[in-house]
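Welcome! Take a moment to look over the chain below, and then we will walk through a helix pair and some aromatic rings.

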Amino acid sequence: MGMTWSERLYEFGYHAYNSDDYSGAIKYLSLAVKEQFDNWNAHFYLAISYYQTGQYGRALVEFCIIENCAVDMELKQQANVALKNLRRMPGLAETVASGAA
């Protein structure tokens with residue numbers, strides 16, 4: 001049985017992420033989670049890619065999705081740690097509230 005379209009998009013995004021091509025990773029991983037919402041690894045690497053490109057509000061949203069919806073406890077714990085760090089960033093709450101995230 002072949003890979004699903006979401007799995008292929010995840011593979012492309014993960015490869016881009018591992019190559020430090022965070023914009024490319026965002027392109028493919030965001031499509032992967034649109035195609036299959038419960039692709040938790042795609043959400044995780046999408047969140048990190050957003051973080052690496054300075055899109056902290058979007059990273060926060062993705063980490064929140066993982067924390068609240070994922071069933072993988074290790075991913076949930078990693079998302080929780082990332083959320084604690086993001087929430088300590090000065091000005092992030094204002095950025096998210098203004099919709100600029």
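A residue is called buried when its relative accessible area is under 20%, exposed when it is over 50%, and partly exposed in between (1.4 Å probe, protein chains only). By that rule, F44 and F63 are both buried.

This is a predicted model, in which local features need pLDDT of at least 70, side-chain atom pairs count only at pLDDT 80 or more, and totals for chains, interfaces and linings use all residues. Residues are numbered from 1 along each chain as its sequence is written, and side-chain values use heavy atoms, leaving out hydrogens and water.

**Aromatic rings**

Rings of Phe, Tyr and Trp (its six-membered ring) pair if their centres lie within 6.5 Å; planes under 30 degrees apart are stacked, over 60 edge-to-face, and the rest tilted. The count comes to 10 aromatic pairs. In one of them, the ring centres of F44 and F63 lie 6.1 Å apart with planes at 70°, so the pair is edge-to-face. This pair links distant parts of the chain, with F44 in helix α3 (residues 40-52) and F63 in helix α4 (residues 56-69), 19 residues apart. Helices here are DSSP runs (H or I, at least four residues), numbered from the N terminus.

Y51 and Y56 also pair edge-to-face, because their ring centres are 5.1 Å apart and their planes are at 65°. Y51 is partly exposed at 37% relative accessibility, and Y56 is partly exposed at 30%. One aromatic cluster is formed by Y10, Y14, Y17, Y22, F44, Y45 and F63.

How values were computed: Helix = DSSP H or I, 4+ residues; strand = E, 2+ residues; numbered from the N terminus.
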